[in-house]
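Try each task before reading its solution.

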Amino acid sequence: MDEVVVEVEKTKREWESAYEKTIEHIMAIQEYGKSRRGEKDGVEKISLQRLNGLAQDGLSLLNSLQFNLDLLAPQLPSDDQVQSTQSLLETWKNQYQSLRVNLRSANLQAKDNMRKSAQEERELLLGGGTESTVLRRKRQANAGVTSDAESITESLRRSRQLMVQEVERSTNTLVAFDESTGVLKKAESEYKGHKSLLSRTRNLLSTMQRQDVIDRLILIIGFSLFVFAVLYVVSKRIGILKLQRMATAAIKAQLARKAANDDAMPLGQQFDRNAVPNVNIPLQQRPHDEL
């Protein structure tokens, strides 16, 4: 931010210098062409075309400084500085328009001055005498020099104009580069955010994978225990059934042997065995034959 403030101050100083020089050139244009009969050389030292070229260069520089300040204003650290700079920018725009209007008025005034001066020189040349002869000689001698100077000045003005355009193009390129840098920084910050999110997602997936493995192991162990329990119960159940069958078979075998023994005994023993046991009944309760 300090660099932006320094650049703004530099732009302000350049504006003040260019503004003063442009005003001087416009004033020179306004004074151009007035009668100079009292001077030694009798010719203009700077041509009107050159003065207009200098004034146009000044206006181009001022326009470039306005563009530069317009770019720097939003980058200032505080809102007060931004508002102050924008107010100054509006003032510069008004001054720039005023200079353009003054330049047109100065050119009109210069044309009027040249018309009056040409009329005075015509009257002087037509009047004859030593003064008119000296004036004609100086005009002829300086005609070629003035033409060459104007050609060189025009070439320099065009070169300066190209340099100003190149500076503006470079400024636009720097602005585009700054915007691209801002976009890249924003993309980098978004990438960092996505990177942290991806890292958390990766950790969560790793945890889920470990949990899945643990769940599988638990299921396998539980299923194995269940199978072992079922097998144990089935094996025990089969053993009990075998015992029951063996006990049933033994009982049946014992009953069969007993039945066989009973069949082999004498009939009397069988009858006595099968007779109803004698029960001692009291005498008074014994049944008697009433007959």
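**Exercise 1.** How far apart do the end C-alpha atoms of residues 217–235 lie, and what percentage of the span is helix?

*Solution.* Two notes before we start. Residues are numbered from 1 along each chain as its sequence is written. This is a predicted model, where local features need pLDDT of at least 70, side-chain atom pairs count only at pLDDT 80 or more, and totals for chains, interfaces and linings use all residues, while side-chain values use heavy atoms, without hydrogens and water.

Step 1: the end C-alpha atoms of residues 217–235 lie 26 Å apart, and the span is 100% helix and 0% strand. Helices here are DSSP runs (H or I, at least four residues), and so are strands (E, at least two), numbered from the N terminus.

Step 2: an unreviewed UniProt entry lists residues 217–235 as "transmembrane region"; such annotations may be inferred rather than shown by experiment.

**Exercise 2.** Is Asn107 buried or exposed, and which residues does Asn107 contact beyond its neighbours within four places in sequence?

*Solution.* Step 1: find Asn107 in helix H3 (residues 79–127).

Step 1: Asn107 has a relative accessible area of 17%, so Asn107 is buried (buried is under 20%, exposed over 50%, partly exposed in between, with a 1.4 Å probe and protein chains only).

Step 2: leaving those neighbours aside, Asn107 touches Ile29, Leu48 and Asn52 (contact means heavy atoms within 4.5 Å).

Step 3: look at the pair Asn107 and Asn52, which are 55 residues apart in sequence, with 8.4 Å from C-alpha to C-alpha.
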